[in-house]
Amino acid sequence: MLTIHRAAPWALAALVLASHGASAAGISVDAGLTPPEDRWIIRTQLRTMRRADDAGSGMTTFTVPVVLVYGLRPDLTVLARLAYARRDAGGASMNGFTDLRLLAKYRLLRLNTREFTIGLAPVLSLELPVGQASFGSHTWDGSAGIFLSGRHGPWGVDLNLSYSVNGLGGPDPDGTDPGDQLTVDVAFARQISLDADAAGALAPVLELSYARTWPDKEDGADTPGTGEGTVLLSPGFKLSFSSWFFEALLQIPVWSETSGTSLPRRPGVILGIRLLH
Amino acid sequence: MVVLALALSGCASGAPHRVAGTQTDAEVRVYEVFGMDCPGCHGGLEKLVGRLPGVARATANWEAQRLTITLAPGATLEEDALQDAIRRANFTPGQRLR
């Protein structure tokens, strides 16, 4: 029997908490740098995530997140993210919107020199339970994170550490207390100019991501089949210009620990564009 | 030869660089700017600097760590205002190179 992973909404949330800044080295990893004041960034992607057993039976989720980013001040960036998802499993399909996530990123440290740049930014987010079907969590969820970035010439590295508290207001309407989530992500990239004016650049990217979701609880006991740990190794590239980016990432699970009958993750793909103004 | 000597002496004395041959000469300035790391950084900086009074055009180059500003004919540009715009883009102004 196919088990729809109870942590799916959280997994989707982790998937779409993607890099939003124009200066991020990574694609699904964000930068500890904030964009310029009055900078608008619109970002959308097509993401695939598949869970399947060894026989190939499983489910595939397609997600199209749209993220709107605005540099309110040089030290404060605000974001809103909403995604539309479709899941195919066992010959059946369901689709709907995910929860709405609102984020704020604050520039705690920014040091620019001729040789290097360092940035450190804490991030807070709140997820509103407006999602549909199994794509919404039905609970208010919050997260806090710290993002760190370093740049040296064409080389860049980003590190993200985030913790999500799911179910801020208590259990969902079904009485389930969703498990919290910890994510640790690192991305490396190298910018390669495409012309003498540096108007375009191609950047190979490599990301390493760890996500741990604790089991849900019902009446104080762990819910069977919930909770997991995953490590993804993700090669990709970004093609960037002054006002738009194109990016592609292949996410390869290199380690996973699932619970009970939960299906393990299989490789997934991210394709995306960013428009900047 | 006299014209050439006068032109060269103007450059050597640090006089503003002007784009010759235009109907009205436009002053061009070049500054170091630190903190840009990809072409995506250009637009945000150019947008803020381009709004400054007197600036006709601003062009950034992340790899060279440069910002080139072309002023409108006869216009002036306050250095403080320029540095403020660069900082609001989350970059750090360096030396003026030209």
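How many strands does the secondary structure of chain A hold? In this predicted model, the secondary structure of chain A consists of one helix and 19 strands (DSSP runs, H or I of at least four residues for helices and E of at least two for strands, numbered from the N terminus). The radius of gyration of chain A is 19 Å, close to the 19 Å given by the globule rule for 277 residues, so chain A is as compact as a globular protein of that length (radius over C-alpha atoms; rule of 2.2 Å times the number of residues to the power 0.38). Along the principal axes, the C-alpha atoms of chain A fill a box of roughly 60 × 40 × 25 Å.

Of the 277 residues in chain A, 51% are buried (under 20% relative accessible area, with exposed over 50% and partly exposed in between; 1.4 Å probe, protein chains only). Among the contacts in chain A with a separation of 6 or more, 60% involve residues 24 or more positions apart (contact: heavy atoms within 4.5 Å). Chain A carries 23 positive and 27 negative side chains, the centres of the two sets lying 6 Å apart (Lys and Arg positive, Asp and Glu negative, His and chain ends not counted; charges placed at NZ of Lys, CZ of Arg, CG of Asp or CD of Glu).

A:Asp75 is located in the loop between strand E2 (58-73) and strand E3 (76-89) of chain A. With a relative accessible area of 15%, A:Asp75 is buried. Its side chain makes a polar contact of 2.8 Å with the side chain of A:Arg73 (N or O atoms within 3.5 Å; within protein, one able to donate a hydrogen and the other to accept it, and residues adjacent in sequence counted only if both atoms are side-chain atoms). Leaving aside residues up to four places away in sequence, A:Asp75 touches A:Thr34, A:Lys105, A:Tyr106 and A:Arg107.

Chain B contains three helices and five strands, in the order α-β-β-α-β-β-α-β from the N terminus. Buried residues account for 43% of its 98 residues. Of the contacts in chain B between residues at least 6 apart in sequence, 57% join residues at least 24 apart. Chain B exposes about 5100 Å², of which carbon and sulfur atoms supply 55%.

Residues are numbered from 1 along each chain as its sequence is written, and chains are lettered from A and ligands numbered from 1 in the order in which they are written. Local features need pLDDT of at least 70 and side-chain atom pairs count only at pLDDT 80 or more, whereas totals for chains, interfaces and linings use all residues; side-chain values use heavy atoms, with hydrogens and water left out.

Key
Areas by Shrake-Rupley, 256 points an atom, 1.4 Å probe, with all protein chains shown as cover.
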